[in-house]
Amino acid sequence: MNLSGRTLVARGFHCPDGTLDPFAELAIEIGADGVITRVRRPGADGYAVPADAVRLPEGPLLLPGFVDLHIHAPQYPQLGTALDEPLEVWLQRYTFPLEARYADPAFAERVYARLVRDLLASGTTTALYFGTVHLPATQRLAELCLELGQRALVGKVAMDHPETCPDYYRDASADDAIEGTRALIAHIRALPGNDGRVQPVVMPRFIPACTDEALAGLGALAAETGCRVHTHVSESDWEHGHVLERHAMSDAESLARFGLMTPHSVLAHGNFLSDSDFALMKRHRAGVAHCPLSNAYFAGSVFPLRKALRSGVSVGLGSDISGGPAGTIWETARMAVTAARMLETGVDPALAPEARGGRPGARIDAVTAFHLATRGGAQTLGLPVGAFVPGMAFDAMLIDPSVEAGTLRAFDGETGIRLLERVLYGTSKPNIARVWVQGAQVAGMAG
């Protein structure tokens, strides 16, 4: 069902400004280019729905598509494995050997095509992808996103440090990392039919994996090309401590020093960011990919989400495939609520409640999680998606609670936040009936 050039009438909800906006009936006029031109409430101001409008059934719910701000595309085959290891061991023993396999184009094709299709079918319409050091495989990832219809930002991983990266898997030199990134940027921008749907990203893996020469060169390349930057920041005690020891400043300060904190750049995790780090990020208009599931396994801490939002830093959600057991924003949003609640109360049962070290006011609700999954993530990237608002692309999904094979059950009389909670916590892939990107259906039932 292609909705470009059509008027759609549906019920559902969105969260354009952090406040839940449920609608029992909304007419969304979509231009031929897949961009929303007008939104009307039928009956308001005498508005009449056009006779040729597409009316969705009364039961299903229309939601904006999800935005995933942190995905390691090559790690999809190890999703949910070896989560008992610390980060630095997990990387060396499992992750780097897996990522090295993407020198094989056939292997990259199989994994990347499966991943993009699976994410679209799960409602992820915008994805920010780490690739590997291999230029051909990462070029193919970008091509697949364009071919399959996903809005995506793709980067070739830069990692050249001989002391922290294995001999069998790293860029041969700083120049190799920089020029490989330059080549990917040129390739993506020249893809036939790419009108900005797929965009390139400058992507140092993280400071421990890069020499200072590579970091400086990548910062200069970001300034030259205007590309966003995506990397990790202060994820774990190990990473945070490495940068403090090596550069005598915080991870965020070091990234800014190298020119790697640009507008709408996305820094993943950020669990140990300080007040001054948040202020620095706000000045540079950089945002955080909050990855609550992987933080539970590898960070040893809970990201202070409420504190980040109060500081004025943009935040969205990242599944961090494969730094956790789940691969969609549905599970990530659920964990964001859980993690914030645990941060507020503290978790050590051996201590009295008042002595558990909790942070009052840290909790979030389903509305905040839903906003981060949609418009919040889009704002972090500076993209016009994530809500049903004129001027934004129509990226959306249709949720059907009546599907017997699904896990969502809606009951009569539920509306507003209660219905949103039901959807956020209960939806599984069978409930996602259709998915659209820029007005074109990219997943779900035919027709």
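Predicted model: local features only at pLDDT ≥ 70, side-chain atom pairs only at ≥ 80, totals over all residues.
A pocket, as the word is used here, is an open set of grid points with protein on both sides within 12 Å along at least five of seven lines.

**Stop 1: the largest pocket**

Select Ser301, Val302, Met342, Leu343 and Val347. Of the 17 residues that line the largest pocket, these lie nearest its centre. The volume of this pocket is about 230 Å³. Now colour helix H9 (292-298) and helix H11, each of which supplies at least two residues of the lining. Which helix gives the largest share of the lining? That is H11, with 4 residues.

**Stop 2**

Glu344 is buried, at 15% relative accessibility. Arg363 is partly exposed, with a relative accessible area of 39%.

**Stop 3**

Move to the loop between strand E14 (315-317) and H11, where Ser322 is found. Select Ile321 and Ser322 and look at the peptide bond between them: this bond is cis, with omega about 5°. Asp320 is in this loop between E14 and H11 too. Phi of Asp320 is positive, near 55°, although the residue is not a glycine. Is Asp320 buried or exposed? Asp320 is buried, because its relative accessible area is 4%.

**Stop 4**

Select Ala248, in the loop between helix H6 (237-247) and helix H7 (251-257). Ala248 is another residue to check for its backbone: phi is positive, about 55°, and the residue is not a glycine. Ala248 counts as exposed, at 69% relative accessibility.

**Stop 5: helix H8**

Next, select residues 275-284, which make up helix H8. The buried residues of H8 are Asp277, Phe278, Leu280 and Met281. Turn the view to look down the axis of H8: these buried residues fall within an arc of 160°, so they line one face of the helix. The face turned away from the buried side carries the exposed residues Asp275 and Arg283.

What do the buried residues of H8 pack against? Their partners are H7, strand E12 (266-269), strand E13 (287-290) and helix H10 (305-310). Before leaving, select Arg285, which follows H8 and has a positive phi near 60°.

**Stop 6: helix H3**

Select residues 135-148, helix H3. The helix has 14 residues and reaches 20 Å from its first C-alpha to its last, close to the 20 Å expected at 1.5 Å a residue. Its buried residues are Ala137, Thr138, Gln139, Arg140, Leu141, Ala142, Leu144 and Cys145. To see what surrounds them, show helix H2 (105-121), strand E7 (124-130), strand E8 (151-155), helix H4 and strand E10 (198-204); the buried residues of H3 pack against these elements. Just after H3 comes Gly149, with a positive phi of about 95°.

**Stop 7: helix H4**

Select Arg182 and Glu179 in helix H4 (residues 174-189), where the two are 3 residues apart, about one turn of the helix. Arg182 forms a salt bridge with Glu179, and the closest N and O atoms are 3.3 Å apart. Both ends are partly exposed: Arg182 has a relative accessible area of 30%, and Glu179 stands at 42% relative accessibility.

Arg140 has been seen already, among the buried residues of H3.

**Stop 8: one more salt bridge**

Finish with Glu29 and Arg38, whose side chains meet in a salt bridge (3.1 Å, N to O). Which of the two ends is buried? Glu29 is, at 15% relative accessibility, whereas Arg38 counts as partly exposed at 38%. As a general point, side chains of opposite charge can pair when their charged atoms come close. How many salt bridges does a search of the whole structure find? The search finds 20.

How values were computed. Residues numbered from 1 in each chain as written. Heavy atoms only, no water. Salt bridge = Lys/Arg side-chain N within 4 Å of Asp/Glu carboxyl O. Buried < 20%, exposed > 50% of the residue type's maximum accessible area, 1.4 Å probe, protein only. Expected span 1.5 Å × (residues − 1). Contact = heavy atoms within 4.5 Å. Arc of directions from axis to C-beta. 1 Å grid on protein atoms, 1.4 Å probe; cavity = no way out; pocket = protein on both sides within 12 Å on 5 of 7 lines; lining within 4 Å. Points joined across faces, edges and corners; volume = space filled by probe spheres on them.
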